[in-house]
Amino acid sequence: MSSALLPASIDDTAAALRAQGYVAQRALATATFLALRLQRPLFLEGEPGTGKTEIAKTLAAMLGRPLIRLQCYEGLDLAGAAYEWNYARQMLEIKLAEGQASREELSRDLFAPRFLIKRALLQAIDPANAVAPVLLIDELDRADEPFEAFLLEVLSDFQITIPELGLVKALTPPIVVITSNRTREIHDAVKRRCLYHWVDFPDAATELEILRLRVPEAPAALARQIVAFIQGLRRLDLYKLPGVAETIEWSRALLELNALVLDPATLHDTLGVLLKYQDDIARVQGSEAARLLEQLRVAEGG
């Protein structure tokens, strides 16, 4: 990866991200800049909805690189994450070669690269890549702990050992972003190979900047009320706090309803855009929502 194609400073990194619609606070811009320069994976932990996944998408767009996404889940294994052999095609090859090839020749041919199905990790380090991609390993905490051991070789040396073929190593390391919602702790061995950053919910000024950038058609007064209300929600003891994605989605929903300001009826009808659990909706509806709206009115001097 040529350093000439990368941002030259932390400020340049923040500006380039912002040009793609991503507002990064200084600490995150610093971690991103260093990850790019040092060719180290960037490990992002934080609450759901804080923009961890989005930064990988933004980096791909910003640098003009393909994005390869590995969505982690319980039971994810080598076949789902890196590669597997095309057994159906191998069986067909065996039938076609019956009586025409020796056992040694057939065994060798069956594990030729043409029978290899490349999954996300192998795609990302494929030496045939014209451009090193951005590899997003999303929600690693959803995968089982043993899967992390397999990742170590990829994260340390950007290579995978395939017993039947040998070593596959990237000519140019991919840009790696790993995310975790911290539903469980990730092993230290993984974290040691990465640059770490905790992504928190943005403060009100930053969230308003994000909203103005992503939903520029929102009236200024409504945008301020949306941000203030969501900031208030995040101070409550809810099961799932609304993230920045919900801020943007709610803003667009309110615009579709031609809302100019927040009012109790519209708020009541659209809480399901912000909150995804009935217990949270029940907690906010009624007196809690009225209290937050009253705080907005007082803050605006109304």
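I call a residue buried under 20% relative accessible area, exposed over 50% and partly exposed in between, using a 1.4 Å probe and protein chains only. By that cut-off, 47% of the 302 residues of the protein are buried.

Notes on the source: this is a predicted model, where local features need pLDDT of at least 70, side-chain atom pairs count only at pLDDT 80 or more, and totals for chains, interfaces and linings use all residues. Numbering runs from 1 along each chain as its sequence is written, and side-chain values use heavy atoms, with hydrogens and water left out.

Next I looked at the overall build. I found 15 helices and nine strands, taken as DSSP runs (H or I, at least four residues, for helices; E, at least two, for strands) numbered from the N terminus. The C-alpha atoms fill a box of roughly 85 × 45 × 35 Å along the principal axes.

Then I went to the cores, meaning sets of buried Ala, Val, Leu, Ile, Met, Phe, Trp, Tyr and Cys residues joined through side-chain atoms within 4.5 Å. The largest nonpolar core has 35 residues, and L121, I137, L140, F147 and I160 have the most contacts inside it. Helix α7 gives the largest share, five residues. A second, separate core of 33 residues includes A218, A223, L254 and A289.

What does I160 touch, leaving out residues up to four places away in sequence? Counting contact as heavy atoms within 4.5 Å, I noted partners including Y83, L121, L122, F150 and V168.

Last, I checked α3, residues 52–63: its buried residues include I55, L59 and M62, and G64, which follows α3, has a positive phi near 65°.
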